[in-house]
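This briefing is meant to be read beside the sequence and the coordinates. Please keep both open while going through the points.

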2 protein chains.
Amino acid sequence: MATSRRKTAPGRTALETGPAGTSAATARSSPWRASGERARDRQIKREAVIRAAAHAFNHKGYHNTSLDDIAAALKVSKPTVYYYVSNKEQLLFECFVAGIEPIRGAFRKARRLKASARVRLQAVLGHYGQAVASEFGWCMVRAEDQDLSPVMSAHIKSLKSEIDQGIRRLLREGVQDGSIHPCDPKMTAFALAGALNWIAHWYRENQSMTGAQIAATFITIFENGLIPRVNAEAARRAGAALAGRARR
Amino acid sequence: MATSRRKTAPGRTALETGPAGTSAATARSSPWRASGERARDRQIKREAVIRAAAHAFNHKGYHNTSLDDIAAALKVSKPTVYYYVSNKEQLLFECFVAGIEPIRGAFRKARRLKASARVRLQAVLGHYGQAVASEFGWCMVRAEDQDLSPVMSAHIKSLKSEIDQGIRRLLREGVQDGSIHPCDPKMTAFALAGALNWIAHWYRENQSMTGAQIAATFITIFENGLIPRVNAEAARRAGAALAGRARR
DNA sequence: TAGGATAGCTACTCATCAGTATGATACAGC
DNA sequence: GCTGTATCATACTGATGAGTAGCTATCCTA
């Protein structure tokens with residue numbers, strides 16, 4: 001009876017039984033393999049906790065979400081959540097990092113592109129928009145300094161600043177290579193980031209557009225501007241030509 | 001002894017003694033006048049409570065601000081705050097309304113303008129930006145549905161939607177009268193509002209730019225777009241001419 | 001100058017929720 | 001089979017904070 005508890009115990013989740021099942025089936029052959037699987041299980045569960053937190057924060061807000069809520073969503077108890085993360089603040093922080101990491105990756109990729117700054121900016125903003133529309137968008141955008149300890153707050157601020165500076169740099173380069181209309185990089189970066197960040201406030205999945213589509217639409221809007229262009233295509237080509245000349 | 005308590009009681013504020021003093025000096029002549037002054041005093045104090053709440057929410061966030069904090073900032077006790085507002089939610093709501101009202105006014109004024117839709121949109125967005133950069137900007141922008149009762153939430157949503165629809169309408173009109181580059185009004189409105197709303201996240205008074213200056217800068221950025229214009233001034237004039245022709 | 005209305009305070013209640021103490025179970029390795 | 005470690009639950013503590021009960025003082029009107 002005691003040994004059969006695991007099987008009959010309530011509260012086992014698909015999340016747990018899934019990987020645990022495969023582990024039980026494959027781990028017997030090698031002890032090292034087994035312990036590795038165990039570590040992997042832990043990582044998978046930890047990520048599930050973070051995803052559940054992101055989902056809850058996204059729908060109810062950070063302060064309106066209790067760790068009991070998150071635990072209930074995972075069909076486990078609160079101490080189990082604490083077994084994977086040290087506290088609520090760290091949970092928010094992890095969600096934030098999960099959201100911002102793809103954007104940092106986009107910058108790294110863009111840096112290797114041989115193209116005008118405007119095109120590289122396009123690429124970055126596309127990923128940016130998608131990240132904001134993702135499950136972690138809310139946490140990324142709405143993680144308030146006010147809710148975090150000074151240390152975490154500083155850490156998040158520096159990550160945010162890195163993104164901001166990256167956008168400003170691309171804008172400056174674009175103005176220099178002629179691919180971007182002369183502008184104040186700081187204010188323009190604020191405008192771009194603001195418009196994209198705001199997606200997290202209104203976008204919900206199950207909507208007609210995907211995150212990528214929204215990002216693409218926004219980029220077109222930013223690029224064209226409100227003032228009519230006599231010939232948008234010609235202007236685009238002209239911009240590209242200018243940029244090409246500036247880059248040799 | 002009992003009657004002298006008021007004089008010696010701690011916690012009297014300038015806010016209270018100021019208006020009360022003038023009322024005492026001028027009210028004797030007419031009872032109606034006096035009661036009017038009293039009502040006015042109450043209104044002044046009520047507004048002070050709302051301003052203090054907005055300030056606190058702005059700096060610490062809604063959830064990190066207790067009504068004790070607000071009371072302390074006003075140098076009164078918590079029940080005094082409850083004497084002027086019924087609960088914390090209503091306080092947030094009042095701050096929201098105070099923030100959004102100037103924008104609704106801007107729409108009313110713009111409606112009477114004899115100008116292209118783009119120029120009218122300019123006017124509205126200018127006020128919009130200023131409102132977001134104001135003391136009530138935070139409450140306006142960050143009042144979350146999640147923090148409010150369904151009734152309040154619905155009320156706020158409808159006010160927000162009114163603004164949104166107003167912007168979309170101006171965009172549609174602009175595309176029709178030729179003063180605005182063809183675009184998806186819904187997405188463009190989201191982009192514009194997002195960029196401006198975001199001001200509330202980074203702007204703090206005592207900064208080098210005023211709210212109006214930021215709004216003006218943003219509008220220029222939106223109007224020009226990122227793609228270089230061969231001759232921005234010529235383009236602007238061309239747009240104006242197109243618009244004029246469309247409006248007869 | 002009495003009495004009602006206005007304005008405010010002290011001192012509470014009560015609910016929520018982050019975080020923990022303690023103990024039970026299951027699995028890996030010997 | 002035995003032991004240590006990993007995993008998880010029950011049941012708590014302690015703090016915070018929204019909102020209130022009940023009292024006091026002051027002002028206005030008659």
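What follows is a short account of the model, its confidence, its folds and its chain-to-chain contacts.

The model is predicted: local features need pLDDT of at least 70, side-chain atom pairs count only at pLDDT 80 or more, and totals for chains, interfaces and linings use all residues. Residues are numbered from 1 along each chain as its sequence is written, and chains are lettered from A and ligands numbered from 1 in the order in which they are written. Chain A has 13 helices and 0 strands, and 40 of its residues are in contact with 40 residues of chain B.

**Confidence**

- Chain A has a mean pLDDT (the predictor's confidence in each residue, from 0 to 100) of 82, with 77% of its residues at 70 or more.
- Within chain A, the lowest confidence falls in helix H1 (residues 5-8), with a mean of 29, and the highest in H10(A), at 98.

**Overall make-up of chain A**

- Helices (H or I, at least four residues) and strands (E, at least two) are DSSP runs, numbered from the N terminus. Read from the N terminus, the elements of chain A run α-α-α-α-α-α-α-α-α-α-α-α-α.
- Chain A holds 248 residues, of which 40% are buried. A residue is buried if 20 or more other C-beta atoms lie within 10 Å of its own, exposed if 12 or fewer, and partly exposed in between, with C-beta atoms placed from the backbone.
- Two residues are in contact if their C-beta atoms, placed from the backbone, lie within 7 Å. Among the contacts in chain A between residues at least 6 apart in sequence, 68% join residues at least 24 apart.

- On the side of chain A that touches chain B, the elements giving two or more residues are helix H10 (185-197), helix H12 (211-224) and helix H13 (232-246) of chain A.
- H10(A) supplies the largest share of that side, 8 residues.
- The residues on that side of chain A divide into 19 nonpolar, 13 polar and 8 charged. Here Ala, Val, Leu, Ile, Met, Phe, Trp, Tyr, Cys and Pro count as nonpolar, Asp, Glu, Lys and Arg as charged, and the others, Gly among them, as polar.

**Helix packing: H6(A) with H9(A)**

- The axes of helix H6 (residues 88-111) and helix H9 (residues 150-177) of chain A come within 11 Å and cross at roughly 15 degrees. Axes are lines fitted to C-alpha atoms, for helices over the stretch in contact, and angles run from 0 to 180 degrees between N-to-C directions.
- H6(A) and H9(A) are therefore roughly parallel to each other. Angles under 35 degrees count as roughly parallel, over 145 as roughly antiparallel, 65 to 115 as roughly perpendicular and the rest as oblique.
- From H6(A), A:Glu89, A:Phe93, A:Phe96, A:Ile100, A:Ile103 and A:Phe107 meet A:Met152, A:Ile156, A:Leu159, A:Ile163 and A:Gly166 of H9(A).
- The residues of this contact divide into 9 nonpolar, 1 polar and 1 charged.

**Helix packing: H7(B) with H12(B)**

- Helix H7 (residues 117-133) of chain B packs with H12(B) at an angle of about 135 degrees, and their axes are 8 Å apart.
- H7(B) and H12(B) are therefore oblique to each other.
- The H7(B) side of the contact includes B:Gln122, B:Leu125 and B:Gly126, and the H12(B) side includes B:Ile214, B:Phe218 and B:Ile219.
- The residues of this contact divide into 8 nonpolar, 5 polar and no charged.

**Single residues**

- A:Lys75 is in the loop between helix H4 (67-73) and helix H5 (78-84) of chain A. A:Lys75 has a positive phi of about 60 degrees although it is not a glycine, and with 14 C-beta neighbours inside 10 Å it counts as partly exposed.
- B:Lys75 is in the loop between helix H4 (67-73) and helix H5 (78-84) of chain B, and has a positive phi of about 60 degrees although it is not a glycine.
- B:Ala98 lies in helix H6 (residues 88-111) of chain B and is buried, because 20 other C-beta atoms are within 10 Å. Not counting residues up to four places away in sequence, B:Ala98 touches B:Ile50 and B:Phe136.
- B:Val230 sits in the loop between helix H12 (211-224) and helix H13 (232-246) of chain B, and counts as partly exposed, with 13 C-beta neighbours inside 10 Å.
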